[in-house]
Amino acid sequence: MKRVAVIFAATILAAATLVTPTQAQQRASETTTEYVVLYKEGATGARQAIEAAGGTVIKENTAVGVATVTTTNADFAAAARGSAAIEGVAHNRSIGTVPKSARASAGVRKAIEARAVEKEGRGAPASTGRGTPAPNAEPLAELQWDMKQIRATADGAHRYQQGSREVLVGVLDTGVDGSHPDIAPNFNAALSRNFTVDIPVDADGNEVDGPCEAEPDRSCNDPADVDDNDHGTHVASSIASPINRLGIAGVAPKVSIVNLRAGQDSGYFFLQPSVDALTYAGDHGVDVVNMSYYIDPWLFNCTNNPADSAADRAEQATIIKATQRALDYAHRRGVTLVAAAGNQAADYTKEYTDTTSPDFASVPGEVPYSRTVPPSCLSMPAEGRHVISVSSLGISKRKSYFSSFGNGYVDVSAPGGDVYDTPANTRDVTKATLSAYPESLAKERGELNPDGTPNVDYLVRDCNGAVCGYYQYLQGTSMASPRAAGVAALIVSKSGYRDQRHGGKTLDPAIVEAALKATATRTSCPNPPAFTYTRHLPNGTTVTATHVCEGGTIRNGFYGFGIVDALRAVR
């Protein structure tokens with residue numbers, strides 16, 4: 001969506017050449033492995049235990065006790081697990097350089113498939129025209145059916161509350177294009193951080209993020225105001241695009257956006273960056289964070305699944321513990337936590353067959369496999385304590401065909417798009433949601449004509465004088481979650497009080513969550529509750545799927561406590 005002493009291992013292998021047995025033995029002894037180690041709560045001596053096992057701490061998050069460690073000791077993991085000061089051991093991402101002929105790994109293919117859901121509908125016939133915006137509305141407001149659905153409009157919530165610049169919303173994502181003209185006025189560059197390092201290849205030499213290219217020295221550390229993926233920029237814009245007579249307005253158009261980058265260019269999200277971003281949010285007065293992802297490489301983390309090896313079970317247990325510790329840390333320090341429910345079209349309260357995990361090769365030869373996942377397994381961070389999980393709706397307010405669900409799992413719902421939510425069940429890209437898109441990516445991907453106009457149906461350009469911005473249609477629970485996060489930011493703006501530690505405003509996350517749920521529009525399950533989705537695909541085939549909604553009007557598996565309502569939240 002979506003830890004005491006944890007160790008993630010990444011192997012750096014020398015170039016493939018013919019070597020003698022003696023050379024092979026020497027090379028094996030020189031292989032460097034990287035781990036992330038989570039210290040046991042209340043214990044002392046973790047660093048000493050790491051050093052005794054042959055490891056070197058290169059990074060440490062003392063807030064929750066997570067350290068990144070390198071070692072040439074092949075038995076480091078076993079030795080570290082034997083220490084009473086260390087909770088668990090897990091592999092970290094690989095470090096390397098791009099091979100001359102890099103091929104897409106299984107994990108990258110899975111990432112592409114996941115994005116295919118979000119970008120579904122491209123190339124299909126779409127409704128055209130922008131309509132005439134209402135007085136005081138932004139130029140593209142008539143394309144924002146999603147904002148009308150939750151009444152975050154010029155004649156709705158924005159008449160009474162547009163948010164406060166003193167309210168900080170952290171975007172844990174692939175980055176934010178801080179130069180986009182419909183984000184820049186609300187972008188807090190001073191507080192923004194990038195907690196990731198680009199990963200050129202995985203452990204099998206397959207391309208992940210590609211060559212490091214951050215200027216001026218081709219660094220693998222991107223600046224904190226870029227997004228080479230596009231996902232994070234869409235999320236940030238949905239929350240807080242300003243009212244500036246350009247493009248669109250976000251749910252809370254006057255709050256401040258803080259880029260807390262935790263995702264790779266390729267769309268992977270790993271443990272250490274997520275933990276670091278959450279603790280940073282807690283330490284710097286961030287009021288709300290949006291997390292439209294799950295922590296790789298496991299869609300669901302199981303501690304005792306017989307299909308998993310002992311090492312994999314230990315790794316997944318570590319992911320759960322470390323993530324929860326970071327979530328608890330942020331929540332205690334005033335951060336309201338909002339996450340996407342997931343795009344698997346799965347009932348998270350029932351058994352599920354996961355065929356996508358592990359989706360990243362941390363060690364050579366690691367590939368996804370099929371396993372039955374019971375409800376006791378957790379997708380993090382969406383199923384973490386204190387997290388508000390958000391399902392996605394289409395324009396008709398039906399649950400989106402891709403949105404995961406579950407009675408007791410989904411907390412609230414919000415519009416995230418559904419391109420098949422049309423009278424004929426055929427695709428219409430405008431039934432996705434429209435938000436900001438980096439111009440640099442539009443140029444790089446060949447999506448613009450020589451005059452700067454888009455040459456694809458899923459992009460829209462709007463200009464105010466010489467200033468132009470680009471916007472793209474995306475669908476997903478990733479798009480629903482920031483709309484709920486935006487309403488949460490409006491609640492803090494309206495009811496928050498002075499933050500004595502950091503300045504600005506603050507409000508207890510429990511109060512924000514209660515207000516978000518209390519002001520949501522109660523929405524019952526479909527009648528009958530077994531709802532069948534029909535999709536007529538472009539290749540001429542028809543796909544149907546039936547999802548069963550459980551629960552009542554107060555709370556159910558499709559809508560949670562209801563559809564978020566910005567106007568009710570501020571009035």
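A residue is called buried when its relative accessible area is under 20%, and exposed when that area is over 50%, with partly exposed lying in between. In this predicted model, Ser 493 has a relative accessible area of 3%, and it is therefore buried.

Ser 493 has its place in helix H10, where its side chain reaches back to the backbone oxygen of Ala 489 at 2.8 Å. Once residues up to four places away in sequence are set aside, Ser 493 still touches Gln 161, Gly 163, Ser 164, Val 167, Val 255 and Lys 505.

Taking Ile 150 as an example, and leaving aside its neighbours within four places in sequence, one finds it in contact with Val 251, Pro 415, Arg 483, Val 487, Ile 563, Val 564, Asp 565, Ala 566 and Leu 567.

A contrasting case is Ala 530, which is found in strand S20, covering residues 530-536. Because its relative accessibility is 39%, Ala 530 counts as partly exposed. Ala 530 and Val 548 are 18 residues apart in sequence, and their C-alpha atoms are 4.2 Å apart in space. Beyond its neighbours within four places in sequence, Ala 530 is in contact with Thr 546, His 547 and Val 548.

Conventions. Residues are numbered from 1 along each chain as its sequence is written. This is a predicted model: local features need pLDDT of at least 70, side-chain atom pairs count only at pLDDT 80 or more; totals for chains, interfaces and linings use all residues. Side-chain values use heavy atoms; hydrogens and water are left out. Contact means heavy atoms within 4.5 Å. Helices (H or I, at least four residues) and strands (E, at least two) are DSSP runs, numbered from the N terminus. Buried means under 20% relative accessible area, exposed over 50%, partly exposed in between (1.4 Å probe, protein chains only). A polar contact is a pair of N or O atoms within 3.5 Å; within protein, one must be able to donate a hydrogen and the other to accept it, and residues adjacent in sequence count only if both atoms are side-chain atoms.
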